[in-house]
Amino acid sequence: MIVIRDLLRFSPSFRIGACILMGVLVLVVLSFFSPYAPDDRRAVPRNRPPSGEFILGTTSTGQDVFWMLTFAVRNTLIVAGIAVLIGRSIGVLLGMISGYVGGAFDRVTSSIVDSFIVIPRLPLVILIASILRGQLSLLGLAVMLGILDWAYPSKRYRAQILSLREREFTHTGIFAGMNTFKIVVQEHLPFLIPFLLADVVSGFLFAIGFEVTLAVLGLSDLDSQSIGTMIYWGNYYQALLTNRTWVLIAPIAASVVIVVGFYLVSISLSSYLDPRTRLARLQVGVK
Amino acid sequence: MTLLKEYILPRLLQWVLVIFIGVTITFLIPRLSPVNPVDQALGRLTAFQSLSPEATLALRESLLDLYGLEGSILDQYFNFWRRILQGDLGPSFTSFPMTVNAMIRNSIGWTIGLLGMSVIIAWLSGLILGSLAGYFSNRWWSRVLENSLITVYPIPYYILAFVLLMLLTYYFPIFPLVGGGQGTPGFTWSYISSVIRHSFLPALSIVIGATAFRFIMSKALTSSEKSSDYVQYAELAALPKRKILFSYLIRNTMLPQVTDLGLSLGAIFEGALITEVVFSYPGIGSTLYNAIISADYNMIMGVTLLSIVGIATASLIVDLTYPFFDPRVRYR
């Protein structure tokens, strides 16, 4: 809580980022009050430009772009959230275990992790998605992205654990008779949480980027609403050539806004984590 | 000798491991999936024409053979490796008599030309601008540069490319819409200039994003290096600022930058999927996209394998050149 209060007070980019993400959250909440079901075609007149009645216009299949967008944002964030949860759990667990156990186990896991960092993910994702064509639900997509995005975080946690393990207070804890589990949970975890936060944000960026890319290529679950599938169907119905750009502008603007919001939060978090800038901020606070 | 034993050998082992894991994953994915690619291909083939049962069975046999799905999973695995080691990626399924190798050979030149140029341009400009902005961080132009590039950086690439395409070919038709070049290939001025005109926009879209990334990274590196003792000493000794920046500072921030350059050059073989699709550029990315659309699963696998080998080899080469760049590695 103190972290968030400090960030709100001292970092303008965090303030803006948090406001943007709050706005996105409002959109997500609004999706529960939508007057139309997410896949309800021909609910409204087709191809209307934005107006008072239809804030963001309507699509070629007769859906209201604004309400469609609320579902799209919700689904995209859910996909990204699940992917982040899976990826970070694998990463944190593996990084912590190989950091604490050390020795030959650590050497083997580290070189495997290093290999996974190098292996390009986009072609793999495309290979999986194209084999599962049509059978890949949004949930499956989320699980797949999660399974592919754990190597780099795991390396970072391992490095953190290695440095924490050598700190003075760890030795003090051991000599005071604390058991390993207690030291890990009470003494080390608090140091890892800020890293986890920054990492979660970058995981969100990765997952959103991949969701949009796959959907634009026509490889994700095209029947459900997400930011990527909205762009796909917009292109499919030739929104650009027929000058119905509002169909495309809404999801594109939404994804830019979400990404910028997460990005602002992440740069403010990482500058908060950097001890040098924290020192500078403390001095500002003293004055 | 210790350099060889302690530095080069582990890197070589790592390279073998990366390729081994990558190839194994590429082998396992289709086999773990609930969808049988052979039945799927059969379904597509027989959707438009009715075949007699015997013909279907024969087709099934030959497809099984082509996909390498015959025998136990271990046999398949060894066969897979044997084919890869022979450099044989099998036939493409949509343009059947053509092999995957031939199709990759046709398109790889375009991709290497486009991506090689734009990666190097973006690397150089990002490095120089970022170091300048990091060293002279109080000047107004450094602030303007930083703010504008930080705004550009998080925009998803697809959207950036799309907006560029819309603006510069549709609303202001300065550049041609699609393709890689016009006229017959050859060393004539008209052909080369048309290639440059066609690849300018895709290259620009890559350069913008990559420059912004390189700028942010090298600015961070330079501003942390700036507070080092040797820089302060050089400033007290009244060395010209240009000399401090270019001969000392940039050299010391070079190591991670060279690593990144190597890795992004290795990633070229992956092709710039989105770039080439958005701008209809005839490289590896477009080939991959066509393969995705027509479910040409052998082709996708070929490109995946190529990109794994490309990036693994690039990172091996980067590691092996470290001792030349950094004496600390050499004398460890």
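Trainee: Which hand does the crossing have where α5(A) passes α13(B)?
Mentor: First, this is a predicted model: local features need pLDDT of at least 70, side-chain atom pairs count only at pLDDT 80 or more, and totals for chains, interfaces and linings use all residues. Residues are numbered from 1 along each chain as its sequence is written, while chains are lettered from A and ligands numbered from 1 in the order in which they are written. Helices (H or I, at least four residues) are DSSP runs numbered from the N terminus, and a crossing is left-handed if the near helix is turned anticlockwise from the far one by less than a right angle, right-handed if clockwise. Where α5(A) passes α13(B), the crossing is left-handed.

Trainee: And how do α5(A) and α13(B) lie relative to each other?
Mentor: Their axes (lines fitted to C-alpha atoms over the stretch in contact, with angles from 0 to 180 degrees between N-to-C directions) come within 9 Å and cross at roughly 165°. Under 35 degrees counts as roughly parallel, over 145 as roughly antiparallel, 65 to 115 as roughly perpendicular and the rest as oblique. So α5(A) and α13(B) are roughly antiparallel.

Trainee: In the contact of α5(A) with α13(B), how many residues are nonpolar?
Mentor: Contact needs C-beta atoms, placed from the backbone, within 7 Å; those involved include A:Leu124 and A:Leu127 of α5(A) and B:Ile300 and B:Thr304 of α13(B). Ala, Val, Leu, Ile, Met, Phe, Trp, Tyr, Cys and Pro count as nonpolar, Asp, Glu, Lys and Arg as charged, and the others, Gly among them, as polar. No charged residues turn up and 3 are polar, with the nonpolar ones numbering 9.

Trainee: Zooming out, which element gives the most to the side of chain A that touches chain B?
Mentor: The contact takes 29 residues from chain A and 34 residues from chain B. On the chain A side, the elements giving two or more residues are α4 (103–118), α5 (121–131), α9 (180–216) and α11 (246–273). With 8 residues, the one that gives the most is α5(A).

Trainee: Where does α5(B) bend?
Mentor: At 1.5 Å a residue (times one less than the number of residues), the 36 residues of α5(B), 100–135, should span 52 Å, and the end C-alpha atoms are 49 Å apart, which agrees. The bend at a residue is the angle between axes fitted to the seven residues ending there and the seven starting there. For α5(B), a bend of about 35° falls at B:Ser107.

Trainee: Back in chain A, how do α4(A) and α7(A) lie to each other?
Mentor: A:Val113, A:Phe116 and A:Ile117 in α4(A) meet residues of α7(A) including A:Tyr152 and A:Lys155. The two helices pack at an angle of about 140°, with axes 8 Å apart. Therefore α4(A) and α7(A) are oblique.

Trainee: Which hand is the crossing of α9(B) and α10(B)?
Mentor: α9(B), residues 229–236, packs against α10(B), residues 241–266, at about 155°, with axes 11 Å apart. The pair is therefore roughly antiparallel. As α9(B) passes α10(B), the crossing is right-handed.

Terms used
Contact = placed C-beta atoms within 7 Å.
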